[in-house]
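Biologist: Before we get going, can you walk me through what sits inside this one, and what the words you use for it stand for?

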Amino acid sequence: MSSPDPAGRPSTLLGPVLAALAGAGSAPVVLIDGPSGAGKSTLADRLVADWPGEPKPVLVRLDDIYPGWQGLAAGIDHLTRHVLAPRAGGLPAAWQRYDWANTRAAEWHPVDPARPLIVEGCGALAAAHRPFSEIRIWLAADDGIRKRRALARDGDVFRSHWDEWQDEWEAYLGRDDPERAATIRLSGTTENHPPRSA
C-alpha cells in the first residue's frame, strides 16, 4: 500500500522530522501514521534516504504485517509484542511477514535494537506503541485525494476492500485517537501544520 510522493513536497515534510531527530538519541523509534493514501510510505522512504548519520534506520511497514484486510488490530498487537516491547527491553525482536498472495504467515525478519527504527502504516500510533517511541508523526490527506491515490496504486484489489478497510480504520480512530498522540502533524495535500508536542 505504498503511495505517491505526498503533495510533491518531501523536503518540506521532512524538515520538522529531521529537526526532531536532533534531540531524539542515537537509536530512536519513529512512528508514521495516517489514513491510506496519505503518503506514509513515501515519507518513510525519504526519511531513510535522508537520515542524518549512521547507522541508517530499520524500516518496518505495517502493510507487511497485517494478516489480511481485517487485520489492523492484529497487526498492532504483533508489532507491540514482537518488535517494540522486546526491543525496548533489550531482547531479540522480529516481525513476521504476511504473504498476501497466499493468505498465510511467511518468514520472520529480525530487528537490530542498535539501529534506529521507523514504523510506518495505519495503526503505527496505537496507544500500545506510544511508550516505545520518541517521535510520532501523523500524516493527513484530503479524503478524495487519498482515495484516488490508493486506488490508482492498488487498483481493483483495494477497490473491492476499501469499505472493509475503512471500517477497520474508523474503529481504530475511535479506540486509540492516534492523531492526538502525534508529536508532529503534517499534511500530504496542504501546507504543513506546525509541529506540536504531545
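Modeller: Buried means under 20% relative accessible area, exposed over 50%, partly exposed in between (1.4 Å probe, protein chains only). This is a predicted model, where local features need pLDDT of at least 70, side-chain atom pairs count only at pLDDT 80 or more, and totals for chains, interfaces and linings use all residues. Side-chain values use heavy atoms, without hydrogens and water, and residues are numbered from 1 along each chain as its sequence is written.

Biologist: Which residues have the most contacts inside the largest nonpolar core?

Modeller: V60, L79, V111, L117 and V119, in a core of 27 residues. Among the elements that each supply at least two of its residues are β1 (29–33), β2 (58–61) and α3 (72–88), and α3 gives the most, with five.

Biologist: What makes β6 a mostly covered strand?

Modeller: Strands here are DSSP runs of E, at least two residues, and helices are runs of H or I, at least four, all numbered from the N terminus. β6 covers residues 135–140, and five of its six residues are buried.

Biologist: How do you know that β1 and β6 pair?

Modeller: Two strands pair if DSSP finds at least two bridges between them. Four bridges join β1 to β6, so they count as paired, and they run parallel. D33 stands opposite W138 in β6.

Biologist: And which residue is the bridge partner of W138 in β7?

Modeller: R185. Four bridges join β6 to β7 (residues 184–187), again running parallel.

Conventions. Core = buried A, V, L, I, M, F, W, Y, C linked by side-chain atoms within 4.5 Å.
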